[in-house]
Amino acid sequence: MTTYQFFTTAWTWNSIALILSALAVIGYFLAFGRRGRPVYFAAAVVVFLLTVISPFSALANGYLFSAHMVQHILLVLIVPALLLLSLPRSFSLRPPVTSLTHPVIGWIAGVGAMWLWHAPALCNAAATSRTVSAIQTTSLLLMGSIFWWQVLAPREEQRLSPPAGIVYLFTACTACSVLGIILTFAPVSICPIYQHPVDRLGILGTIRGDWGLTSDRDQQIGGLLMWVPMCAIYAAAILAQMARWHSSPQPEQSNA
Amino acid sequence: MNGMTTIAEFRNAVLDPAKRRHYQLAWLSTVDHKRIGVLYMLTGLFFFIVGGVEALFMRLQLAIPNNHFLQPDTFNQLFTMHGTTMIFLVVMPVGFGFVNYVLPLQIGARDMAFPRLNAFGFWCLLFGGLLLHFSVLAGGAPAVGWFSYAPMSETPYSSTPGIDYWAIAIFVMGIGTVSFGINTIATVISCRGPGMTMRRLPLFTWINFVNAFMIILALPVLNAGLAMILIDRQLQGHFFLPIGGGSPVLWQHVFWAFGHPEVYIMVFPAFAIVSEVIPVFSRKPIFGYEMVAASSVAIAVLSMGVWGHHMFTVGMGRPLDVFFAISSMLIAVPTGVKVLNWTATMIGGRIRFDVPMLCCIAFLIQFTIAGITGISHASVALDWQTKNSYYLVAHFHFVAVGAIVFAFLAGIQYWFPKMSGRTMSEPLGKWSFWLMVIGFNMTFLIQHALGLLGMPRRVYTYPDLPHWGWMNMLSTCGVFFMGAAALILVWNLATSFFRGKIAGDNPWDAWTLEWATTSPPPHENFVALPPIRSRRPLWDIANPDRPDPIVGENSAAVTLPNHNKIGILTFILSETGFFAALILAYLYFYARPQAGPGPKELDVPRTLVFSVCLFASSFTFWRSEVALTKQRRGSMLGWLGLTIVLGAIFLGGQANEYWKLFQTGVDLSTNMFSTSFFTLTGFHGLHVLIGLIVLLTFLWAAWEGDLVSSRFDSAFKAVGYYWHFVDVVWVFVLLTVYILPLLR
């Protein structure tokens, strides 16, 4: 299969994801109507669907660790951030859920989402079993949302103060970079399934030949994606905190 | 007036033996941030002359082709010492000197948060510098370049003790630098005057505050690397020697993981000075304060992920090259933003072309050139051609001299009146400025061309190829102009100190708080602080009819965080960097199969038992803290004693484990596993031991004294943070070293 054929045909029309997305859209409009910010919500749904049904998903499903990493980053950092941004200002969490809004829990959820699913056994399982993959997707979205809540919650008082937010984001960025560094330089395969993919789609020749992605190189790119571009996402969020800090008229809080 | 009395006092003091003795002791034993700042700068100036003379010898050797004025090995020692001296003993100390002197004044503080730690940092630097230069007498200076690449730096290839002196000296200086970084952060967070909120910090303070975070994260990584190379050299370890399974490339990663942030650590104080001087001499507030502040944060964050661009020629593989090329280009964006802000500040301003401003303008132009050649190195293909050529030498000298030294010259002329009470001579200043501009550009501009013609760096001589001769001669001639500039500067400093024009409190009509006190400031810095409502309090006083807009809200009731807490937390942050480097080094080798002992030799269940003791000691310490809060002396002493016993049991267990390994013939030099295992667990054990000593001190203090003092309380809490941290590190060491092999 050529590259062109692959990118035109390898869309996985995952019915569950489509139905859930449709239900989410209906639910969003029923719950918030016009009070929300539907552009962000639409963006979240689009990115989510691209992540799970586009050819990237097919690649992540047993072929390329780096494609899996793109998926992983989108699901933890991009989709949940857009979801939180789409919430109306009046939105509040109810008591049992509010216990998840402690900064320490948020930080562990964000960093844990990166580390946990790269334990070799879990990473392998997620790349082979559809059920595990579905659990992974759900948990990544949830953990990403818990992480971003500290920074992107709808109302100012629900968020960390900007200096604390910078510390929160910077330490999370470093903790994930360490994983990226390990993945980049590891001489062994972290996710062995990607070393010898089962060639279901007949694309392996193209990947290894035309694209030049050997399994070593593939893991390196995966690690680097987690290290460099992901750090850029955190850096952007940190700059947003600086902007928020310098534009806020609120009395400054002690920044311990 | 004040200046007169200072000089009169000084002259009397020098003449009267009793007072002379007092003055000597006062400077040797000082913990005053102003004196320490001056000491830092004088040390920097002294080593600037040392490093400059080293450079002069190299340029003389290179003036003509096929020259034999210096031996090759002498030349190698010279460029190694020149680089190390200029970076660690000139640029960093002078920058830290400015911070030490100016930063507490700018935020209305009485001193740094930890005055004695401040003195400790300075003496670490001075003795580190002396240790480094002592190597010349002890068998030869290091001769492998300032980044000391392995395996060149290993015993088989460098058998003289030069590298050992180099590594120990930089380790000592690194400890001093980290303590300076911790002190800076704690000072800014905990010692600000009333009304000086974080959003109102002058840019000089803000940029150096951000810089302190880079310091405490980057320097420990270097220290971890230095510890490893010392273990290799002194204890026959294998970290960087391929023969024993080690990896020279790992040294490069460790070194540049420090080395690239280090570039920004050096240049940030320069940025900070320029951000202060340009507005004052343009008679305008800085253009886009927020942009300058935020771009500093962006640089600090990104600086951790760009070090690979120093290693394009190592053969890291194309994926790494591509990612590092892109991230290196990305970091140019916030840097460019700053240049635009400084330039825009000058537009429409009433610019006064005094010496500080002239230096800043030269800084802007030369730093932009340095930035452009810097970006060119982010392109992998171009880097392959120009790496280790004089093109690279020209690039980093445009940063180090063209930008940093010129900014420091601006800073010296700008703050000298505050420090001495007298202004420096403008005519002499202009002479040394123009000589410096001419000399610097004559020396280094041509080196771009030399590099592109193919002249490699670090060669002691070269054949007479077309154009190489006259270009090198021109470059050497420039050095004499720079030397003349430096001599005039020293002359200017000395004469102005004794005979300069009396400056008054605020000779430049500047706006930040250091100009609100006398010149030189009294020991306690301020008699009373002016009201602070914006970023330019003195402007508000001078122009009550059109003050700056109020920044943020006045929050008089804000209590600043305790400095002990901030200090220990930042210390823990820096220790995290140290242990992260050691753990990553362990993992780096763990994954490679090797002969000889491995993790299977370790007795996991027994270690788990001892680990439980260590974890339990965190709990007992917490109980002790609770007892202290409730003022129950007996219970507090009991829990604290139990904590110490548990910690000691853990250490005993570790000692026992070591003993058993030694008995079976496994020691640090056996193979790669044993080297990295003993290093990692040994450094953790050392931290536990230090923690135990501190806990014993507190036990003794609590036994002897009363516990009511709130100082005891906050210090005890600080020790608690450290103790818990040591336990948390053990969680990671336990998982990496003992548990991970079980999962395979």
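A cavity is a set of points, on a 1 Å grid over the protein atoms alone, where a 1.4 Å probe fits but cannot get out; lining residues have an atom within 4 Å of a point. Grid points are joined across faces, edges and corners, and a volume is the space filled by probe spheres set on the points. The structure is a predicted model, in which local features need pLDDT of at least 70 and side-chain atom pairs count only at pLDDT 80 or more, while totals for chains, interfaces and linings use all residues. Residues are numbered from 1 along each chain as its sequence is written, chains are lettered from A in the order in which they are written, and side-chain values use heavy atoms, with hydrogens and water left out.

**Figure 1. The largest cavity, lined by residues of chain B.** Cavities of 30 Å³ or more number 3. The largest cavity holds about 60 Å³ of space. Its lining consists of B:Arg606, B:Thr607, B:Phe610, B:Phe650, B:Gly653, B:Gln654, B:Glu657, B:Trp730 and B:Tyr738. At least two lining residues come from each of α18 (604–629), α19 (633–663) and α21 (710–739) of chain B; helices (H or I, at least four residues) and strands (E, at least two) are DSSP runs, numbered from the N terminus. Helix α19(B) gives the largest share, 4 residues. Sorted by class, the lining has 4 nonpolar, 3 polar and 2 charged residues. In this scheme Ala, Val, Leu, Ile, Met, Phe, Trp, Tyr, Cys and Pro count as nonpolar, Asp, Glu, Lys and Arg as charged, and the others, Gly among them, as polar.

**Figure 2. The second largest cavity, also lined by residues of chain B.** The volume of the second largest cavity is about 40 Å³. Around this cavity are B:Phe88, B:Met92, B:Phe96, B:Leu125, B:Ile170, B:Met173, B:Gly174, B:Thr177 and B:Leu219. Two or more lining residues are given by α4 (72–106) and by α6 (162–190) of chain B. The largest share, 4 residues, belongs to α6(B). The lining divides into 7 nonpolar and 2 polar residues, with no charged residue.

**Figure 3. The disulfide between A:Cys123 and A:Cys191.** A disulfide is a pair of cysteine sulfur atoms within 2.5 Å, and the count over all chains is 1. The S to S distance between A:Cys123 and A:Cys191 is 2.0 Å. The torsion about their S-S bond is about -110°, so the disulfide is left-handed. A:Cys123 lies in helix α8 (residues 120–128) of chain A, and A:Cys191 in the loop between α10 (162–185) and α11 (204–208), so the bond ties together parts that are 68 residues apart in sequence. Buried means under 20% relative accessible area, exposed over 50%, and partly exposed in between (1.4 Å probe, protein chains only). A:Cys123 is buried because its relative accessibility is 2%, and A:Cys191 is buried at 1%.

**Figure 4. A:Cys176, a cysteine in no disulfide.** The nearest cysteine sulfur to that of A:Cys176 belongs to A:Cys173 and is 7.4 Å away. A:Cys176 has 0% relative accessibility and therefore counts as buried. In chain B, B:Cys613 also counts as buried, at 16% relative accessibility.

**Figure 5. A:Leu122 in helix α8 of chain A.** A:Leu122 has a relative accessible area of 31% and is therefore partly exposed. Apart from neighbours within four places in sequence, A:Leu122 is in contact (heavy atoms within 4.5 Å) with A:Leu116 and A:Trp117. A:Phe185 is 63 residues from A:Leu122 along the chain, and their C-alpha atoms are separated by 20 Å.

**Figure 6. The chains around these views.** Chain A has 12 helices and 0 strands. The radius of gyration of chain A is 19 Å, close to the 18 Å from the globule rule for 256 residues, so chain A is as compact as a globular protein of that length. The radius of gyration is taken over C-alpha atoms, and the globule rule is 2.2 Å times the number of residues to the power 0.38. Of the 256 residues in chain A, 50% are buried. Chain B has 21 helices and 0 strands. For chain B, with 744 residues, the radius of gyration is 27 Å, which agrees with the value near 27 Å for a compact globule. Buried residues make up 60% of chain B.

Conventions:
On a 1 Å grid over the protein atoms alone, a cavity is a set of points where a 1.4 Å probe fits but cannot get out, and a pocket is an open set with protein on both sides within 12 Å along at least five of seven lines; lining residues have an atom within 4 Å of a point.
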